[in-house]
Amino acid sequence: MGSSIARVTGTLEESVVGREEGVIGLGVKNIGTEEAPQYVPNDVVASARGFYSYYSGRQFHEAAVMDGSYVKLREASVGYQLPSSWLDNIFLQSARFSIVGRNLSIFHKNASHIDPEISAADLGYNYGQLPSTRSIGFNLNVNF
């Protein structure tokens, strides 16, 4: 499940269902008594806003439970070691130049709309996390 705020405000694709006509939640209702229950399929229409407000990660029910496993390319680095013959006439013993990228790609994730690594979902709570950021930088390592 994605961010609770995005679901409640209707910005997630799955919140399109029922916007005009309302939502009928999965389940049953009791039309009998407490002593003699008689269950029938649910047919109660709830407003989309009310339904998605309840059916969010802020509540303790199945919508808030997610599989947080993922496969991610967290960091990659490509470097070039300058040949020692280039450094013979200067005061450097070695020099290496590298390009480094972090948070480059999520290959697979089971929880939609979030980066499981930065979400609080592993704590059982997902509410309004900011998107993860990708960074690309350079390293220069020199030995004197």
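Guide: Contacts come first. Among contacts in the chain with a separation of 6 or more, 59% are between residues 24 or more positions apart. This is a predicted model. The chain has two helices and seven strands. Read from the N terminus, the elements run α-β-β-β-β-α-β-β-β. Of the 144 residues, 24% are buried. The accessible surface of the chain is about 10,200 Å², and carbon and sulfur atoms hold 57% of that surface.

Now to the patch. Nine names to find: I90, F91, F97, I99, I136, F138, L140, V142 and F144. Together they make a nonpolar surface patch of about 990 Å². Two elements give two or more residues to the patch: β6 (94-109) and β7 (135-143). The largest share comes from β7, with four residues. Take V142 as one of the patch residues. V142 lies in strand β7. V142 counts as partly exposed because its relative accessibility is 32%, between the 20% and 50% cut-offs.

Look next at the rings. There are two aromatic pairs in the count. F91 and F144 form a stacked pair, 5.8 Å centre to centre, with 5° between the planes. This pair links distant parts of the chain. F91 sits in the loop between β5 (70-81) and β6, while F144 sits in the segment after β7, 53 residues apart. F91 has a relative accessible area of 62%, so F91 is exposed. F144 is exposed too, at 60% relative accessibility.

F97 and F138 also form a stacked aromatic pair. Their centres are 5.8 Å apart, with 20° between the planes. F97 is in strand β6 and F138 is in strand β7, so this pair ties together parts 41 residues apart in sequence. F97 is partly exposed, at a relative accessible area of 40%. F138 reaches 59% relative accessibility and counts as exposed.

What holds the strands side by side in the model? β6 and β7 pair in the antiparallel sense, over nine bridges.

S98 is buried, because its relative accessible area is 5%, under the 20% cut-off. Which residues does S98 touch, leaving aside its neighbours within four places in sequence? The contacts are S77, V78, G79, G137, F138 and N139.

Most residues other than glycine have a negative phi. N103 is not a glycine, yet N103 has a positive phi of about 55°.

Charges also link β5 and β6. E75 forms a salt bridge with R102, and the closest N and O atoms are 3.4 Å apart. E75 lies in strand β5 and R102 in strand β6, 27 residues apart. Both ends are partly exposed: E75 has a relative accessible area of 45%, and R102 has 41%.

The structure holds two salt bridges. The other partners to find are K29 and D43, whose closest N and O atoms are 2.5 Å apart. K29 is in strand β2 (residues 28-30), and D43 is in the loop between β3 (39-41) and β4 (45-46). That puts them 14 residues apart, in distant parts of the chain. K29 is partly exposed at 27% relative accessibility. D43 is partly exposed as well, with a relative accessible area of 49%.

Go back to the patch to finish. Its residues include F91 and F144, which are stacked on each other. Under the patch names, keep the two strands in view: β6 and β7, joined by nine antiparallel bridges.

Note on methods: Residues numbered from 1 in each chain as written. Predicted model: local features only at pLDDT ≥ 70, side-chain atom pairs only at ≥ 80, totals over all residues. Heavy atoms only, no water. Patch = residues over 30% accessible without salt bridge, like charges linked within 9 Å, V, L, I, M, F, W, Y side chains within 5 Å. Areas by Shrake-Rupley, 256 points an atom, 1.4 Å probe, with all protein chains shown as cover. Salt bridge = Lys/Arg side-chain N within 4 Å of Asp/Glu carboxyl O. Buried < 20%, exposed > 50% of the residue type's maximum accessible area, 1.4 Å probe, protein only. Contact = heavy atoms within 4.5 Å. Phe/Tyr/Trp six-rings, centres within 6.5 Å; stacked < 30°, edge-to-face > 60°. Pairing = 2+ DSSP bridges.
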